[in-house]
Amino acid sequence: VMLQDLESGEQREVSPDYLAKVYPARLQAHLESLRDAVAATGAQHTLVVTDERLDQALRRYLQLRQRRG
C-alpha cells in the first residue's frame, strides 16, 4: 500500500504485515515514552482518540483529575 503525506507530498510504501505486526508495538512504545516524559515534568495528560467527541474527552479528563485530587 502506498501512503502519501498530504502536507509534504512524501510517499511511503507500507506493507500489511508491517501494519499488523510492527506498527502496534512501535505505537505503544511511542505512547509510553510520551507518558514517561510528561510524568517526569509533573504534568498530567490523557489519551484522546479521534473518534471520541471532544466534550466527552474533556469531561473524562476532568473527572480523572478530580479523583486524583
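**Entry 1: terms and ground rules**

I began by writing down that a residue is called buried under 20% relative accessible area, exposed over 50%, and partly exposed in between, with a 1.4 Å probe and only protein chains considered. With that in hand, I looked up E10, which is partly exposed because its relative accessible area is 44%.

I noted that this is a predicted model, in which local features need pLDDT of at least 70 and side-chain atom pairs count only at pLDDT 80 or more, while totals for chains, interfaces and linings use all residues. I also noted that residues are numbered from 1 along each chain as its sequence is written, and that side-chain values use heavy atoms, with hydrogens and water left out.

**Entry 2: the chain as a whole**

I looked up the secondary structure, taking helices (H or I, at least four residues) and strands (E, at least two) as DSSP runs numbered from the N terminus. The protein chain has two helices and two strands, and their order along the sequence is β-β-α-α.

The protein chain has 17 Å, whereas a compact globule of 69 residues would have a value near 11 Å. The C-alpha trace spans about 45 × 25 × 25 Å along its principal axes, and buried residues make up 4% of the 69 residues.

For the accessible surface I used the Shrake-Rupley method with a 1.4 Å probe, in which, for residues, only the protein chains shown count as cover. The total comes to about 6300 Å², and 54% of this belongs to carbon and sulfur atoms.

**Entry 3: salt bridges**

I searched for salt bridges, meaning a side-chain nitrogen of Lys or Arg within 4 Å of a carboxyl oxygen of Asp or Glu. The whole structure holds four of them, and I followed up some of these, including the one between R12 and E10, at 3.3 Å from N to O. R12 counts as exposed because its relative accessibility is 53%.

Which residue forms a salt bridge with D36? I found that R35 does, with the closest N and O atoms 3.2 Å apart. R35 is partly exposed because its relative accessibility is 43%, and D36 is partly exposed at 44%.

At 32% relative accessibility, R60 is partly exposed.

**Entry 4: a nonpolar patch**

Lastly I looked for patches, which are made of residues with over 30% relative accessible area and no salt bridge, joining like charges within 9 Å and nonpolar side chains (Val, Leu, Ile, Met, Phe, Trp, Tyr) within 5 Å. Which residues make the nonpolar surface patch of about 260 Å²? I found that L19, Y23 and L27 make it. L19 lies in helix α1, which covers residues 16-41, and L19 counts as partly exposed because its relative accessibility is 42%.

Terms used: The radius of gyration is taken over C-alpha atoms; the globule rule is 2.2 Å times the number of residues to the power 0.38.
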